[in-house]
Every structure is written in C-alpha cells, then in structure tokens.
Amino acid sequence: MRPTPHKTADALPAVYDPVARAAHWLTFVLVAAEFVVGWTMPDIGWGTEPTGLIGLHLLLGGSLLVIIVFRLCWRLTHRAPPQPASLPAWQRWSAGATHVALYALLLIVPLTGLASAAAREWPVRAFGFITLPAIVAPHAKIGFKLGDLHSDILSWVLLGAIGLHVLAALYHRLINRDTVLRRMLPSVGP
Ligand code: HEM
Ligand code: HEM
C-alpha cells in the first residue's frame with residue numbers, strides 16, 4: 001500500500017502532498033541555478049544591458065518569485081504532515097524556525113533583486129511573459145542599496161540557511177534514520 005499525505009499510522013510515514021513536494025524541488029533547482037548564474041554573470045555597472053547571463057538571472061529569478069508566492073499561498077492553506085512522534089521538542093521548534101526563515105528569505109532575496117532591476121529600468125518577466133511590477137522608481141537610490149544588500153549579504157544569509165537545512169535533513173536520514181526526509185522526497189506516494 002502506498003503512503004498517503006497526512007496519514008499518521010506509524011508503519012506508513014505521512015508525506016507532504018504532491019504539490020508541496022513538486023514546489024519544494026522546483027524551488028531547489030531554481031535557487032541553485034540563481035546562485036550559479038549570479039556568481040558567473042558579468043559585473044554590473046552603469047549602462048550594463050540585461051542580456052545573456054544577466055537576462056537569465058532576471059528570467060529565472062522572476063519565475064522563482066511567482067513560484068514562491070504560489071508556494072506560500074499553498075502552504076498557508078494546506079497543513080504539513082505530522083513530524084515523527086520520536087522527534088524531540090527542540091528539533092520540532094528549530095525545524096519550524098528554519099522553515100519560517102527560509103520562506104522569509106525566499107521572498108526577501110528576490111524582492112531586493114527586483115528592486116535593483118527596477119532602479120536600473122530592467123524589465124523582469126516571469127516565465128518570459130508575466131511582467132513583474134517595478135517596485136522602486138527608475139534610478140532610485142534605495143533600489144541600488146537593496147541591490148548591494150541582495151548580492152553582498154542576503155544571498156549569503158540564504159545560502160547559510162540552506163546549508164543548515166540540508167545538514168539537518170542529512171542528519172535525520174543518516175544519523176537519526178527517521179522519516180523526516182522521506183516526507184519531502186519526490187518519489188513517495190500520491
Ligand atoms: C533566490 C534567488 C536569487 C539568488 C540566490 C540571487 C543571487 C544573486 C547573486 C549571488 C548576485 C551577485 C552577483 C555578483 O557577484 O555581483 C545577484 C545579483 C543580482 N541579482 Fe540576484 N539572486 C536571486 C534572485 C533575483 C531576482 C528575483 C532578481 C530580479 C528580479 C535578481 C536580480 C539581481 C540583480 C539586478 C543583481 C545585481 C545587483 C546589483 O549589483 O545591484 N536576483 N543575485
Ligand atoms: C534551495 C534549497 C532549499 C530550500 C530553499 C528549501 C526550503 C524548504 C522549506 C521552506 C521547507 C518547509 C516546507 C513546509 O513546511 O512548507 C522545506 C522542507 C523540507 N526540506 Fe527543503 N529546501 C531546500 C533544499 C533541500 C534539500 C537539498 C533537502 C534534502 C537534502 C531538503 C529537505 C527538506 C525536508 C526533508 C523538508 C521537510 C522537513 C520537515 O517537515 O520537517 N530541502 N524546505
């Protein structure tokens with residue numbers, strides 16, 4: 001028998017629903033791509049055109065932002081499956097805190113990038129056809145400041161939070177040998 005979302009029986013671990021799991025791994029791929037493209041794209045200065053890798057960073061980033069907003073709406077209207085009963089309280093608490101921080105950073109990092117793009121008058125189209133709003137005025141100082149924050153600080157904070165999160169997932173899988181990772185794997189059940 002295949003496990004079903006939100007099932008609590010001990011023998012069959014409850015898993016995230018298919019939409020939550022698909023959104024999680026799509027986010028993972030897009031965020032990883034955003035780091036690689038962000039680190040390899042040319043330096044940005046006055047008059048730089050948003051072509052090539054910079055254009056790709058805006059296209060993937062804009063699409064990611066839409067996916068994150070959808071994912072947050074989904075999460076707020078769908079419950080996460082219960083944690084394994086054996087999990088100590090501090091691990092439940094720290095997992096919850098890390099997830100809130102990850103969601104917050106998944107919004108703040110793209111939004112600061114979007115502000116920088118707006119200040120530079122670069123259009124951002126999610127999936128190539130949904131035009132995202134220019135959230136600051138052209139040449140606004142705040143847009144450039146947020147762009148610096150995006151590149152120099154917030155992207156690193158996000159990377160640190162992801163590192164913690166992945167270490168925790170591996171700890172559950174390899175050391176605790178519990179069902180936490182299984183709940184988010186793409187291959188389990190409906
Ligand atoms: C989680 C998603 C994202 C990650 C991990 C990320 C990562 C990065 C990184 C590492 C850089 C630094 C490049 C350098 O070394 O100079 C950068 C720059 C930049 N990113 Fe992103 N980015 C993300 C989303 C976005 C989005 C959604 C947009 C716009 C819609 C965007 C627009 C920009 C812009 C305009 C710059 C240049 C910033 C400046 O110098 O003013 N990014 N990004
Ligand atoms: C870009 C990288 C990643 C981001 C931004 C990210 C983000 C998140 C977020 C926000 C949640 C909370 C889900 C919810 O309750 O709505 C979550 C859950 C989870 N993630 Fe990730 N994740 C990433 C990569 C990974 C990787 C590489 C793994 C596995 C090695 C992983 C394993 C898990 C597991 C097992 C859960 C469920 C944890 C639980 O419910 O206690 N994640 N992730």
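Ala, Val, Leu, Ile, Met, Phe, Trp, Tyr, Cys and Pro are counted here as nonpolar, Asp, Glu, Lys and Arg as charged, and the others, Gly among them, as polar. This is a predicted model, in which local features need pLDDT of at least 70 and side-chain atom pairs count only at pLDDT 80 or more, while totals for chains, interfaces and linings use all residues. Residues are numbered from 1 along each chain as its sequence is written, chains are lettered from A and ligands numbered from 1 in the order in which they are written, and side-chain values use heavy atoms, with hydrogens and water left out.

**Pockets**

A pocket is found on a 1 Å grid over the protein atoms alone, as an open set of points where a 1.4 Å probe fits, with protein on both sides within 12 Å along at least five of seven lines; its lining residues have an atom within 4 Å of a point. Grid points are joined across faces, edges and corners, and the volume is the space filled by probe spheres set on the points. Helices are DSSP runs (H or I, at least four residues) numbered from the N terminus.

The largest pocket has a volume of about 1,300 Å³. It is lined by 50 residues, with H24, H99, L102, H165 and M184 closest to its centre. By class, this lining holds 32 nonpolar, twelve polar and six charged residues. Helix 1, helix 2, helix 3 and helix 4 each give at least two residues to the lining of the largest pocket.

Two or more lining residues come from each of helix 1, helix 2, helix 3 and helix 4, and the largest share, eight residues, is from helix 4. The lining of the second largest pocket divides into 20 nonpolar, ten polar and five charged residues.

**Ligands**

A molecule sits in a pocket if more than half of its atoms lie within 2 Å of the grid points of that pocket. By this rule ligand 1 sits in the second largest pocket and ligand 2 in the largest pocket.

A residue belongs to the shell around a ligand if one of its heavy atoms lies within 4 Å of the ligand. The shell of ligand 1 has 24 residues, with G38, H57, S116, R120 and H150 the closest; twelve are nonpolar, ten polar and two charged. At least two shell residues come from each of helix 1 (18-40), helix 2 (52-77), helix 3 (89-119) and helix 4 (141-176).

Around ligand 2 there are 20 residues, of which Y16, H24, R75, Y103 and H165 are the closest. They comprise 13 nonpolar, four polar and three charged residues.

Polar contacts are pairs of N or O atoms within 3.5 Å. Several side-chain contacts to the ligands are tabulated.

| Side chain | Ligand atom | Distance |
|---|---|---|
| H57 | nitrogen, ligand 1 | 2.8 Å |
| S116 | oxygen, ligand 1 | 2.9 Å |
| H150 | nitrogen, ligand 1 | 2.8 Å |
| Y16 | oxygen, ligand 2 | 2.6 Å |
| R75 | oxygen, ligand 2 | 2.6 Å |
| H165 | nitrogen, ligand 2 | 2.8 Å |

**Aromatic pairs**

Rings of Phe, Tyr and Trp (its six-membered ring) pair if their centres lie within 6.5 Å; planes under 30 degrees apart count as stacked, over 60 as edge-to-face and the rest as tilted. The count is five aromatic pairs. F35 and W39 form a tilted pair, because their ring centres are 5.2 Å apart and their planes stand at 40°. F35 and W39 are four residues apart in helix 1, so about one helical turn separates them.

Terms used: Polar contact = N/O pair within 3.5 Å; in protein donor to acceptor, adjacent residues only side chain to side chain.
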